[in-house]
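Good morning, and thank you for the time.

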Amino acid sequence: MANPFGDGVMDGLKAQTPQPLSEIQHHGLEYRRGYICGYAYNLAEAVGDRQKAAFEAGLLSRRYGLERDRIAEFFSEYGNPQTVVYFYAGYDTPGGNEAARMAR
């Protein structure tokens with residue numbers, strides 16, 4: 001039985017940099033959601049900053065064509081409402097692709 005969300009989480013956990021849109025666009029929405037969740041968790045652990053990871057996840061969610069509220073649920077589980085605020089800030093950033101490159 002296929003588990004695209006789980007596959008995306010696992011790939012996101014292993015990723016050092018986000019997948020370019022050209023590589024991820026052939027995956028379904030569930031895979032992309034999982035990928036962002038895994039990538040954001042990995043980034044938060046690596047840099048020790050959940051808010052930065054949430055902002056980056058917001059940028060990626062918009063770039064990957066995902067609904068913001070579905071991914072924001074993941075960040076509400078951290079118990080810190082500021083994390084969700086940073087996710088929305090990333091998602092709502094005009095020119096999000098350029099902002100993502102500068103945030104790295």
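Helices here are DSSP runs of H or I with at least four residues, strands are E runs of at least two, and numbering starts from the N terminus. Buried means under 20% relative accessible area, exposed means over 50%, and partly exposed lies in between, with a 1.4 Å probe and protein chains only.

Before going further, I note that this is a predicted model, in which local features need pLDDT of at least 70, side-chain atom pairs count only at pLDDT 80 or more, and totals for chains, interfaces and linings use all residues. Residues are numbered from 1 along each chain as its sequence is written, and side-chain values use heavy atoms, with hydrogens and water left out.

Which residues of α3 are buried? They are Y31, R32, R33, G34, Y35, I36, C37, G38, Y39, A40, L43 and A44. Just after α3, G48 adopts a positive phi of about 70°.

Turning to the chain as a whole, there are seven helices and zero strands. Of its 104 residues, 41% count as buried. Contact means heavy atoms within 4.5 Å, and among contacts between residues at least 6 apart in sequence, 69% join residues at least 24 apart.

The axes of α4 (residues 50–63) and α6 (residues 81–91) come within 6 Å and cross at roughly 35°. Such axes are lines fitted to C-alpha atoms over the stretch in contact, with angles from 0 to 180 degrees between N-to-C directions. On the α4 side the contact includes R50, A54, F55 and L59, and on the α6 side its members include Y86, F87 and Y91.

Finally, Y88 also belongs to α6. Is Y88 buried or partly exposed? At 24% relative accessibility, Y88 counts as partly exposed. Leaving aside neighbours within four places in sequence, Y88 is in contact with R68, D69 and A72. The C-alpha atoms of Y88 and A72 are 7.5 Å apart, although 16 residues separate the two along the chain.
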